[in-house]
Amino acid sequence: MPMKGILTLVIIVALVVVGVVIFTNGGDDTNTNNANTSNANGATEDDDAMMEDKNTNEVMEEETGETKTFTLTGEPYTFSQDEIRVNVGDTVTINFSSTEGNHDWVLDEFNAATDEVSEGESDSVTFVADQAGTFEFYCSVEDHRANGMVGTLIVE
Ligand SMILES: [Cu+2]
């Protein structure tokens with residue numbers, strides 16, 4: 001029984017050492033491999049640490065994105081702004097209103113669309129621009145798009 005206690009203690013110490021090595025060296029291959037050969041359980045610890053690393057990166061990526069708000073109006077057959085520029089990861093809010101006629105603001109690639117609004121009404125939509133590229137936004141009311149009620153969202 002005392003031997004088992006000591007063994008458990010050794011395993012715990014080994015796990016802590018593996019954890020510290022991964023933490024200080026950022027998962028340096030040589031060091032983690034040495035630790036793993038002396039303790040098979042170290043592999044699980046290694047995987048956990050790498051998953052935590054990935055999660056941290058994702059959170060940091062979201063935090064670097066800014067929130068950008070644009071106020072657009074629509075009239076037959078044009079938007080007040082036909083080019084919007086944002087950076088990848090930005091949270092984009094479109095505040096849209098109509099100054100004449102019924103219109104909406106639609107961007108298929110990001111599943112973003114306002115309600116159709118009539119003169120004097122407004123609606124807004126928020127989405128995350130999570131892919132780079134040039135995307136067309138448009139008004140989906142009747143033949144407005146065909147009549148040139150379109151614009152470009154540039155995500156860079
Ligand atoms: Cu329209």
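What pattern does the protein chain follow, read along the sequence? The pattern is α-α-α-β-β-β-β-β-β-β-β-β. This is a predicted model: local features need pLDDT of at least 70, side-chain atom pairs count only at pLDDT 80 or more, and totals for chains, interfaces and linings use all residues. Numbering starts from 1 along each chain as its sequence is written.

**View 1. Secondary structure of the protein chain.** The protein chain holds 3 helices and 9 strands. Both are DSSP runs numbered from the N terminus: helices are H or I with at least four residues, strands are E with at least two. Of 156 residues, 21% count as buried. Buried takes 20 or more other C-beta atoms within 10 Å of the residue's own, exposed 12 or fewer, partly exposed in between, with C-beta atoms placed from the backbone. Among contacts with a separation of 6 or more, 57% join residues 24 or more positions apart. A contact puts two C-beta atoms, placed from the backbone, within 7 Å.

**View 2. The open sheet E2-E1-E4-E7.** Its 4 strands show mixed pairing. Strands pair if DSSP finds at least two bridges between them. E2 and E7 (122–128) stand at the edges with a single partner strand each, so one side of each has no neighbour in the sheet.

**View 3. Pairing of E4 with E7.** E4 (residues 91–98) runs antiparallel to E7 over 7 bridges. Threonine 91 has valine 128 in E7 as its bridge partner.

**View 4. Threonine 78 in strand E2.** E2 covers residues 78–79. Threonine 78 counts as partly exposed because it has 17 C-beta neighbours inside 10 Å. Asparagine 147 lies 69 residues from threonine 78 in sequence, yet 8.7 Å away in space, C-alpha to C-alpha.
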